[in-house]
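User: I'm new to this one. Could you take a close look at the salt bridges for me and walk me through a few?

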Amino acid sequence: MLGRTIFIDPGRCIGCQACVSACRECDSHRGKSMIHLDYTDEGRTTASLPTVCMHCEDPVAPCAEVCPADAILITADGVVHEADPTRCIGCGNCVNACPFGVPKIDLAAKLQMKCNLCYDRTSYGLAPMCATVCPTGALFYGTVEELQAERPGVDVSTAFTFGATTVSTGVAMVVPPERRAPVPGGLLNLIEVNGRPTPGNGAPA
Amino acid sequence: MAVTPPPPGAAGGPSAADGPPPYRRGAVRAGPAPGETHSPTGRASLVAAAASMLLVLAILLGSRGLRDFDSALVPYAVASVFLTFGVVYRYTVWVSAPAARRLFVEGWRAALSWENLRNSPTALPRMAATYLGFQKFLGARSHARWAAHQLIFWGCLLAAAITFPLTWGWFTFTSSGASGPGYEMRLWGLKLFGFDSGSFLGWALYHGLDLAAVMVIGGVGYFLWRRVRDRAATTGQRFGYDFLPLLALLTISVTGLLLTFSEMFLHGGGYEFLAVLHMVSVVLTLVYLPFGKFFHIVQRPAAVGMQLFKYTARRRGSDAEELRACRRCGQPIDTVAAVDNLRATMRDLRLGFDEWAEYCPRCKRVLRGSAYLSSVKRGFK
């Protein structure tokens with residue numbers, strides 16, 4: 001069940017890149033930012049989306065499952081770690097298997113890198129760098145009760161649908177209260193993009 | 001899915017009492033797959049036992065029926081047999097998991113293909129030298145780590161090249177004459193070359209292990225310093241996984257050097273005790289090798305297989321044919337063969353979203369953001 005984790009609310013993201021800068025300061029990957037900030041529909045909307053590792057729970061860490069070198073470690077607290085540099089062979093399986101588009105790869109160093117929930121901080125009870133600096137609360141670190149105490153009525157989702165598959169995650173996204181009822185096929189159905197079906201994704205034409 | 005608030009005290013994930021084992025990696029199938037008669041572990045035991053028997057046979061034959069076998073080195077020889085069992089067992093279990101198995105097959109297919117050998121005969125030796133010998137990729141991670149790792153790598157390789165044949169009774173040194181300083185080095189009883197024990201070559205041959213120890217101590221010293229001081233390395237480090245291998249190498253090297261020290265300066269004082277200490281540290285390290293960080297020595301050739309698989313697939317045709325472009329933005333993702341291999345792996349693992357592998361990471365995020373924008377929080381209100 002959801003413990004202390006990151007809650008992402010893209011509705012609050014102003015695309016300021018503070019999280020991207022702060023992520024570079026994380027000790028486990030100094031100088032390299034692991035958080036992604038994407039402007040989803042540039043030119044038409046100012047909407048932006050920060051992406052940290054979702055720390056998939058079921059199926060547990062697809063990135064680790066497709067890793068041929070057993071390089072990705074999952075600790076008992078549910079944190080999916082970046083690849084063990086001793087083992088990673090830089091094949092890119094994790095990069096392409098992750099449905100959220102999280103892992104990065106350095107092809108020269110043959111090394112995958114990804115958000116590890118600032119393990120150097122969160123394992124000592126501190127908030128991750130990104131959530132510490134986010135000025136709007138688009139990235140919130142805490143428990144679901146703490147989130148709901150600050151933002152009455154909001155709900156969170158840890159279920160994401162990709163085609164017929166639902167992936168449940170350790171990091172949650174904030175959803176409006178009216179989305180509280182279970183949504184058939186899950187919440188984030190990539191078969192639809194901007195309300196239109198995307199051909200080739202198994203969407204009915 | 002709406003999330004109900006967790007019960008008090010549930011924060012911080014599963015507890016140690018009811019949760020999964022503290023650490024796990026990837027997916028290792030426990031039971032036999034449909035259509036398989038043996039479980040991966042059962043098959044691995046058989047293969048490992050066969051490999052160990054093969055080594056015992058090689059020791060018997062190579063030492064000319066134990067005639068050249070040095071009985072003082074029995075514990076080392078026995079440890080090498082256990083090492084063979086452990087390594088082969090772990091290797092077989094490892095390549096039985098879906099992702100590793102598919103890469104294993106593709107890597108060997110690329111390495112053994114006549115077509116590849118004809119088209120790019122230098123690819124395999126070049127990649128083996130780059131990834132296994134000189135470890136160029138480590139230089140891209142950090143120059144200091146590359147240098148320290150090279151010291152450990154070549155030091156261990158030198159030590160292994162000297163000690164394994166010695167403990168198996170494959171190398172013997174015999175005097176070429178009754179009185180002279182001449183010596184002959186023999187392999188399986190056959191003379192390789194003769195040398196003067198007082199010459200530089202003689203000195204280097206007798207002190208090869210000392211040289212190896214100095215190299216290893218240099219590299220291990222840097223890595224130990226890094227394990228204490230570097231905050232990237234200290235994040236999530238574990239004693240058994242990160243420190244033990246370094247301490248093991250250090251113990252072997254220091255006790256080995258002390259043997260030489262005792263012989264040269266103490267007239268053999270404490271030699272027997274040091275010899276036992278050295279032997280114990282070597283034996284424990286060899287037996288531990290298949291389990292912790294040292295297993296990367298065995299795993300690493302997979303990097304060559306993977307690289308060769310991608311390289312030869314790309315050389316088969318034009319980039320337009322052989323590179324898979326993102327279905328949304330058209331940027332190349334990987335070779336067609338690698339993406340197809342990954343999709344098959346994902347289907348093996350019942351990860352039902354393998355189609356997403358044909359989108360680049362950024363497009364996957366943008367698609368998700370767009371879906372959130374249009375159907376969850378319309379207009380991000």
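Analyst: Let's start with A:Asp27, which forms a salt bridge with A:Arg30, their closest N and O atoms being 3.7 Å apart. A salt bridge here is a side-chain nitrogen of Lys or Arg within 4 Å of a carboxyl oxygen of Asp or Glu. This is a predicted model, so local features need pLDDT of at least 70 and side-chain atom pairs count only at pLDDT 80 or more, while totals for chains, interfaces and linings use all residues. Side-chain values use heavy atoms, leaving out hydrogens and water, residues are numbered from 1 along each chain as its sequence is written, and chains are lettered from A and ligands numbered from 1 in the order in which they are written.

Back to that pair: A:Asp27 is buried, at 12% relative accessible area, and A:Arg30 is partly exposed at 45% (buried means under 20%, exposed over 50%, partly exposed in between, with a 1.4 Å probe and protein chains only).

Next, B:Arg362 meets A:Asp38 in a salt bridge, 3.6 Å from N to O. B:Arg362 sits in helix H17 (residues 361-376) of chain B and A:Asp38 in strand S2 (residues 36-39) of chain A, so this pair joins two chains. Helices (H or I, at least four residues) and strands (E, at least two) are DSSP runs, numbered from the N terminus. B:Arg362 is partly exposed at 37%, whereas A:Asp38 is buried at 4%.

Within chain B, the side chains of B:Arg64 and B:Asp68 form a salt bridge at 3.0 Å, N to O. B:Arg64 is partly exposed at 35%, and B:Asp68 is buried at 15%. There's also a network of salt bridges with shared partners, whose members include B:Arg324, B:Asp340 and B:Glu358. Over all chains, the search finds 24 salt bridges.
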